[in-house]
Amino acid sequence: MSPAAIVTGGGTGIGRATALALHRDGLSVVIAGRRPEPLEETRALIGEDCATLAGDIREPEVADALISLCLERHGRVDVLVNNAGGQFVAPAEDITANGWAAVRRLNLDAPWYLMQQAAKRSMIPSGGGRIVSVVLCPTRGIPGMAHSSAARAGVQALTNVLSVEWGRHGIGVVAVAPGWIDTEGTRQYGDDLAQMAELVPMKRLGSAEEVADLIAFLVSPSASYITGQTIVIDGGIENTVAATPGRY
């Protein structure tokens, strides 16, 4: 039986590319997202070895159903990729309590609950697993992103703590911090992508497939001794001090 992976936000962008990469590497995949149409498009690319669940991953009952779906189809959860996320851009002083809570629930509460439940219901009893969470760059302040930056920093902290707590169970916990990646999510902000690319030392934006290949490596046996780390994939922008446009 092939290993089984859950990928949240699997209908588009990095999530879809990750589902495809994991399938390519021999994993069965279960993907989740809010909209059923993109999920079905991903499933069509993979075939019957892909199951989908549409729903709001912030709701515990949806997260529970996602893990149950993977267990029913495959008997275990070997890999969890916390990719689903999102936010709106706003100055810190304009973020309402409701807006803050909504972003926190999606980018911190939901990944935490999935990590906990995947560990309790499968990974700890079976003696192993891999968890990868997609976060923001941990060392850069991003204007307009106070809510999301704080939430995703919480996921990075969880990555550190859980790698220590769950290491004895054979569970590896890592985070991936993409820089400027050319995806539908990036394009929705209306930024000038060519201008952004000029600020990157490698003079281009990254691709969803490059991030997906990193995630696929991190859940592979070749990376089994890597845990508790946040790996930045950003073409070198983290190391620059160049002035950046707009919210960057």
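Keep in mind that the model is predicted.

I will start with the sheet. Seven strands make up an open sheet, in the order E3-E2-E1-E4-E5-E6-E7, and their pairing is parallel. At the edges are E3, residues 50-54, and E7, and each of these pairs on one side only. On average, neighbouring strands of this sheet are turned by 15° against each other, if direction is ignored.

Strand E2, residues 28-33, is joined to E3 by five bridges, and the two run parallel. Within this pair, Ala32 stands opposite Leu53 of E3. Helix H2, residues 36-46, packs on the sheet here and touches E2 and E3. The direction of H2 makes about 180° with that of E3.

At the other end we have E5, E6 and E7. E5 and E6 pair in the parallel sense over six bridges, with Val134 opposite Val176 in E6. E6 is also joined to E7, by four bridges and again in parallel, and there Ala175 stands opposite Thr230 in E7.

Is E6 buried or exposed? Eight of its eight residues are buried, so E6 is largely enclosed by the rest of the structure. Both of its faces are covered.

H4 lies across E1, E4, E5 and E6, and runs at about 180° to E4. H5 covers residues 146-166, which is 21 residues. From its first C-alpha to its last, H5 reaches 30 Å, close to the 30 Å expected at 1.5 Å a residue. The buried residues of H5 include His147, Arg152, Leu158 and Trp166. What do the buried residues of H5 pack against? They pack against helix H4 and strands E5, E6 and E7.

In soluble globular proteins, nonpolar side chains tend to be buried together. Here the largest nonpolar core has 29 residues, and those with the most contacts inside it are Leu22, Val132, Val176, Ile215 and Leu218. At least two residues of this core come from each of E1, H1, E2, H2, E4, E5, E6 and H8. The largest share, seven residues, is supplied by H8. Take Leu22: leaving aside neighbours within four places in sequence, Leu22 is in contact with Ala5, Val7, Leu27, Val29, Val81, Ala216 and Val219. Another core, of 28 residues, lies apart from that one, and Ala4, Ala32, Leu66 and Leu114 are among its members.

Why does Arg16 count as buried? Its relative accessible area is 18%, and buried means under 20%, so Arg16 falls on the buried side of the cut-off. The side chain of Arg16 reaches the backbone oxygen of Pro38 at 3.1 Å. Beyond its neighbours within four places in sequence, Arg16 is in contact with Gly9, Gly10, Gly11, Pro38, Glu41, Thr42 and Leu45.

That is the end of the talk.

Definitions and conventions. Residues are numbered from 1 along each chain as its sequence is written. This is a predicted model: local features need pLDDT of at least 70, side-chain atom pairs count only at pLDDT 80 or more; totals for chains, interfaces and linings use all residues. Side-chain values use heavy atoms; hydrogens and water are left out. The expected span of a helix is 1.5 Å times one less than its number of residues. Buried means under 20% relative accessible area, exposed over 50%, partly exposed in between (1.4 Å probe, protein chains only). Contact means heavy atoms within 4.5 Å. Two strands pair if DSSP finds at least two bridges between them. Axes are lines fitted to C-alpha atoms, for helices over the stretch in contact, and angles run from 0 to 180 degrees between N-to-C directions. A nonpolar core is a set of buried Ala, Val, Leu, Ile, Met, Phe, Trp, Tyr and Cys residues joined through side-chain atoms within 4.5 Å. A polar contact is a pair of N or O atoms within 3.5 Å; within protein, one must be able to donate a hydrogen and the other to accept it, and residues adjacent in sequence count only if both atoms are side-chain atoms.
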